[in-house]
Amino acid sequence: HVVEVFRHGARTPLAGIGADPRLWGGLEEGQLTPVGMRQHYALGRYLRQRYVEDLGLLKSTYDPTEVVVRSTQVPRTLGSAQAHLHGL
């Protein structure tokens with residue numbers, strides 16, 4: 001078994017954007033940024049190499065019996081998990 005625990009990727013500040021959201025590409029406070037999505041996608045790609053190719057812990061095609069994902073319902077954590085799984 002492998003257990004991964006991680007936080008969300010890069011996000012906008014939790015407070016202080018209100019005056020000019022254009023500084024963050026129109027994203028609201030606390031949202032996952034495109035950089036944060038790329039961070040988790042890259043992590044997923046790296047771990048795919050490790051888990052599938054190097055260690056043989058996962059099949060090369062998705063098998064829902066091999067992976068369980070848990071997240072809070074906060075959009076930035078759901079987006080991070082989704083990007084991570086796309087990479088994996």
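Helices are DSSP runs (H or I) of at least four residues, numbered from the N terminus. On this basis the predicted model has two helices and zero strands. Helix 1 spans residues 34-54, and helix 2 spans residues 75-87.

The overall dimensions of the protein were taken from its C-alpha atoms. Along the principal axes, these atoms fill a box of roughly 50 × 20 × 15 Å. The radius of gyration is 15 Å, whereas a compact globule of 88 residues would have a value near 12 Å. Of the 88 residues, 27% count as buried. The accessible surface comes to about 6,500 Å², and carbon and sulfur atoms account for 56% of that area.

The largest pocket holds about 780 Å³ of space. It is lined by 24 residues, of which Val2, Val3, Glu4, Val68 and Val69 are the closest to its centre. Helix 2 supplies the largest share of this lining, with five residues. Divided by class, the lining of the largest pocket consists of 13 nonpolar, seven polar and four charged residues.

The second largest pocket has a volume of about 170 Å³. Its lining includes the run Leu58, Lys59, Ser60, Thr61, Tyr62 and Asp63. Glu66 and Val67 also line this pocket, as do Arg48, Val52, Leu85 and Leu88. Six of the lining residues of the second largest pocket are nonpolar, two are polar and four are charged.

Tyr51 was examined individually. This residue lies in helix 1, and its C-alpha atom is separated by 25 Å from that of Pro34, 17 residues away along the chain. The relative accessible area of Tyr51 is 13%, and Tyr51 is therefore classed as buried, the cut-off for that class being under 20%. With neighbours within four places in sequence left aside, Tyr51 is in contact with Val2 and Glu4, with Gly56, Leu57 and Leu58, and with Leu88. Among these partners, Val2 and Glu4 are also listed with the residues closest to the centre of the largest pocket, while Leu58 and Leu88 belong to the lining of the second largest pocket.

Notes
Residues are numbered from 1 along each chain as its sequence is written. This is a predicted model: local features need pLDDT of at least 70, side-chain atom pairs count only at pLDDT 80 or more; totals for chains, interfaces and linings use all residues. Side-chain values use heavy atoms; hydrogens and water are left out. On a 1 Å grid over the protein atoms alone, a cavity is a set of points where a 1.4 Å probe fits but cannot get out, and a pocket is an open set with protein on both sides within 12 Å along at least five of seven lines; lining residues have an atom within 4 Å of a point. Grid points are joined across faces, edges and corners, and a volume is the space filled by probe spheres set on the points. Ala, Val, Leu, Ile, Met, Phe, Trp, Tyr, Cys and Pro count as nonpolar, Asp, Glu, Lys and Arg as charged, and the others, Gly among them, as polar. The radius of gyration is taken over C-alpha atoms; the globule rule is 2.2 Å times the number of residues to the power 0.38. Buried means under 20% relative accessible area, exposed over 50%, partly exposed in between (1.4 Å probe, protein chains only). Accessible areas come from the Shrake-Rupley method with a 1.4 Å probe; for residues, only the protein chains shown count as cover. Contact means heavy atoms within 4.5 Å.
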